[in-house]
Amino acid sequence: MNLWRRLSGRNRTLALTSAGVLVAGGLVTLPVTAAQAATQCSVTYTTSDWPGGFTGNVTIKNIGDALSSWTLGFTFPNSSQRVVNGWSARWSQSGQNVAAQNESYNGSLASGASTTIGFNGSWSGSNPKPTQFTLNGTVCNGGTPSTSTPPTSTPPTSTPPTSTPPTSTPPTSPPPTTTPPPGQRVDNPYAGVKGYVNPEWKAKAESVSGGSRVSNNPTAVWLDRIAAINGTPDSSSNGAMGVRDHLDAALAQGAGYIQFVIYNLPGRDCSALASNGELGPDELPRYKSEYIDPIAAIQGDSKYRNLRIVNIIEIDSLPNLVTNTSGNAGGTVMCDTVKANGAYVNGVGYALAKLGAIGNVYNYIDAAHHGWIGWDSNFGPVADQLKAAAVASGSTVANVQGFIVNTANYSALKEPYVKVTDSVNGQTVRQSKWIDWNQYVDELSFAQAFRQKLVSVGFDSNIGMLIDTSRNGWGGSARPTGPGPSTSVDAYVDGGRVDRRFHTGNWCNQAGAGLGERPRANPETGIDAYVWVKPPGESDGSSKEIPNSEGKGFDRMCDPTYTGNARNGNNLSGALPDAPISGAWFAAQFQQLMQNAYPPLS
């Protein structure tokens with residue numbers, strides 16, 4: 001039964017415009033005394049707010065003489081406003097007064113140069129913006145730039161010409177004559193080191209009561225559009241921190257690994273509406289030059305050579321070429337197009353080759369989940385499709401360290417009371433409506449078997465699997481405590497399965513879901529790690545159409561009143577009500593995930 005199965009639609013698309021940016025300071029020209037003449041500056045301060053919390057993004061421009069160090073100062077108008085944590089500067093707060101002192105790598109600011117710093121904050125009542133900033137004690141007034149001649153050296157070669165130049169100006173000391181050798185890969189990048197905790201997600205998690213119980217778990221950073229490379233401070237998804245900001249923060253945390261999701265293929269997520277991307281199906285050249293190349297340039301900076309950088313490669317892509325093209329239930333024109341023009345295969349191959357050339361980068365390709373490709377008719381063909389992409393566009397299987405399953409999905413890690421080999425009254429449980437002749441009932445058994453299949457088609461024997469357990473715990477009062485009744489295969493399966501969805505094809509903001517196993521390395525044979533690649537609490541899509549400036553679409557599978565279609569067996573969608581657009585913070589969902597966590601939270 002080759003019914004449509006798909007992964008969660010992590011739906012993010014177009015970047016916001018820069019409209020609405022507040023420039024604080026520099027709006028009023030103030031007298032400049034002789035003591036102030038050497039230091040002049042302007043500051044741009046923007047925030048992305050949510051109930052009780054916000055991310056602040058501050059760009060400092062030096063329009064005076066060159067500086068070798070700096071300290072920014074400002075005062076919060078509201079006594080409840082607090083800096084929770086920050087990056088790219090050493091932050092401190094006394095009462096309502098805030099200070100940010102440069103780090104070693106961004107202290108030198110030539111005349112005309114800028115640097116961007118940021119922080120996560122909390123507030124109650126209101127979150128007004130500061131009205132005045134100082135740099136080294138001098139009020140930033142946006143006065144006449146200094147006559148000092150800025151240096152003529154070109155930006156570091158780690159930033160490609162097609163991307164926006166970095167906002168943090170590197171030190172002006174001469175670069176080393178030799179580049180330090182890149183880090184050496186280990187068998188499992190997750191083993192023996194701590195993961196990077198994204199401060200932007202951490203602040204959101206802690207804005208919900210009880211969130212501090214899980215907020216220190218590592219989650220992945222999603223790069224779902226070109227603008228996300230440098231940060232999107234005015235977006236309801238992504239955040240002000242760009243790739244370099246996150247890498248710098250990982251170094252500051254002493255993290256051993258950091259995870260990025262590479263998610264911007266031409267014609268992305270060809271079978272869905274809510275998660276289509278910014279690039280058209282024929283824009284492979286842009287994907288290469290404006291997206292992959294800039295990411296590779298930053299990740300390849302020798303500064304990060306001792307950090308294990310894990311890239312999750314293109315969710316919702318290659319399996320679609322097998323299951324959602326013509327001849328399959330739910331096949332789409334877009335999937336036919338990207339299969340015919342090679343956009344997915346060549347895009348993934350290029351990403352693998354470019355990123356895999358960096359010695360401390362680890363690439364894991366998305367491999368769907370058991371409820372999508374667990375049938376014999378899909379299992380082998382998807383493995384072959386993954387192999388074809390791994391050797392496309394100059395890549396080889398050596399650029400693939402493993403695969404990830406259940407990314408952003410809800411499939412249970414283990415089904416303790418239902419085995420695919422069970423029978424009821426002489427009938428195999430594979431005949432049940434839920435299993436529907438699938439060969440697997442949970443993600444662990446599927447991941448281990450699919451790993452063996454991938455090795456058999458030509459991948460290295462030491463590849464490892466990742467399982468996204470961010471939302472597949474299915475705990476709480478609805479969790480079964482034993483097998484279902486033996487009156488029929490359907491009663492037995494439905495009564496005993498811990499996955500409480502209406503259908504394995506349901507993917508959007510599922511009601512009753514819970515946090516799963518916490519991230520950890522080497523949990524089972526062949527499994528490199530349980531990971532939280534989907535940050536818990538970020539919406540899969542809006543429950544109704546919500547006009548927005550981010551290009552986020554509406555998919556009926558996110559509507560709790562939707563009665564389904566052939567793709568999900570004409571079942572209810574199972575989605576939560578009142579959901580915001582994809583990628584936006586969904587506090588009610590996060591509260592539910594904690595409530596239904598399995599293992600339970602203490």
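Why does D559 count as buried? D559 counts as buried because its relative accessibility is 11%, where buried means under 20% relative accessible area, exposed over 50% and partly exposed in between (1.4 Å probe, protein chains only). The views below show a predicted model, in which local features need pLDDT of at least 70, side-chain atom pairs count only at pLDDT 80 or more, and totals for chains, interfaces and linings use all residues. Residues are numbered from 1 along each chain as its sequence is written, and side-chain values use heavy atoms, with hydrogens and water left out.

**View A. Salt bridge between D559 and R556.** The closest N and O atoms of D559 and R556 lie 3.2 Å apart; a salt bridge is a side-chain nitrogen of Lys or Arg within 4 Å of a carboxyl oxygen of Asp or Glu. R556, at 38% relative accessibility, counts as partly exposed. The whole structure holds 14 salt bridges according to the search.

View B. R286 counts as partly exposed at 31% relative accessibility, and E283 counts as partly exposed at 22%.

**View C. Surroundings of Y350.** Y350 is placed in helix α6, residues 343-356 (helices, H or I of at least four residues, and strands, E of at least two, are DSSP runs numbered from the N terminus). Y350 is buried, its relative accessible area being 18%. Leaving aside residues up to four places away in sequence, Y350 touches K288, I292, D293, A392 and S393, contact meaning heavy atoms within 4.5 Å. The side chains of Y350 and D293 are joined by a polar contact of 2.6 Å (a pair of N or O atoms within 3.5 Å; within protein, one must be able to donate a hydrogen and the other to accept it, and residues adjacent in sequence count only if both atoms are side-chain atoms). Between Y350 and Y287, 63 residues apart in sequence, the C-alpha to C-alpha separation is 9.5 Å.
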